[in-house]
Amino acid sequence: MGGKSNVPLITKGKRLDGRKFDEMRPIKIEAGVINRADGSCYLEWGKNKVIAAVYGPRELHPKHLQQNTQATLRCRYNMAPFSVPDRKRPGPDRRSTEISMVIREAFERVVMLNEFPTSGIDVFMEVLQADAGTRIAALTAGAVALADAGIPMKDLVAGCAAGKVEGEIVLDLDQPEDNFGDGDLPIAYVPEKDEIVLLQLDGDFTKEEFEKAQGLALKGAKKVYELQKAALKAKYEKN
Ligand code: ADP
């Protein structure tokens with residue numbers, strides 16, 4: 001974010017990849033893709049590719065992590081070394097640790113953890129190909145995998161980001177827009193509770209720009225929510 005692109009990111013009201021300002025990248029979601037997992041999901045969001053797998057509720061090890069009144073939710077967001085043009089150093093880093101934490105905090109708002117005292121629920125989110133917006137793509141896939149595992153939830157969590165590119169508020173930044181744009185606002189939302197459960201802001205927005213971006217991101221999240229539900233329905237119609 002912040003550098004200068006050598007090509008204009010917006011020309012005649014259209015973005016580099018031809019999208020309108022309020023248009024998301026194409027999204028494909030499939031539930032139930034890993035036999036060994038209790039729940040799973042494969043998601044493509046533009047050029048992003050993410051796989052999520054959920055294990056649990058199951059006995060939690062190490063035992064000292066067990067909580068007497070509720071399940072312990074553990075989330076791991078990870079980018080594969082081959083997910084970006086320059087090989088990413090494998091293993092956790094500050095960015096993935098932070099993303100894992102904010103995704104866990106979002107899921108904790110909906111998963112009925114108190115139904116499974118002392119157990120553990122693990123959500124693994126692996127980014128196979130990254131093209132900006134991966135925290136929201138991972139969260140979207142993770143939420144579907146949790147539901148696919150049959151874990152009781154108040155609702156799904158759906159997300160989308162909006163950002164600022166060449167002074168315009170646009171929906172769902174891709175990599176060039178993320179690299180050379182002026183700001184990014186990823187949001188995760190629980191439609192049933194009308195609650196925002198993740199909001200991060202990178203860049204400078206005026207109050208008006210922020211409100212416009214938030215409104216646009218929420219509209220995007222509501223569309224993602226419909227796709228998540230359709231993916232879950234499709235799996236259970238198949239079986
Ligand atoms: P998000 O993926 O949620 O938008 P960031 O804004 O931190 O998160 O990252 C934007 C994009 O930058 C990522 O989707 C990825 O394509 C790229 N990126 C992030 N970290 C790295 C890295 N260590 N090496 C190469 N590219 C990266």
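Is K12 buried or exposed? K12 counts as exposed, because its relative accessibility is 83%; the cut-offs are over 50% for exposed, under 20% for buried and partly exposed in between, with a 1.4 Å probe and protein chains only.

Good morning. The model before you is predicted, so local features need pLDDT of at least 70 and side-chain atom pairs count only at pLDDT 80 or more, while totals for chains, interfaces and linings use all residues. Residues are numbered from 1 along each chain as its sequence is written, and side-chain values use heavy atoms, with hydrogens and water left out.

Let us return to K12. This residue sits in the loop between β1 (10-11) and β2 (14-15); here helices (H or I, at least four residues) and strands (E, at least two) are DSSP runs, numbered from the N terminus. K12 is not a glycine, yet its phi is positive, near 50°.

D172 also has a positive phi, of about 60°, without being a glycine. Its place is the loop between β9 (168-171) and α3 (175-180). D172 counts as buried because its relative accessible area is 3%.

I turn now to the prolines. Which peptide bond has an omega of about -5°? That is the cis bond joining H61 and P62, and P62 belongs to the loop between β5 and β6 (72-79). The bond from G56 to P57 is cis as well, with omega near 0°. P57 lies in strand β5 (residues 48-59).

Finally, consider D204. This residue is found in the loop between β12 (202-203) and α4 (207-238). D204 counts as exposed because its relative accessibility is 66%. Thank you.
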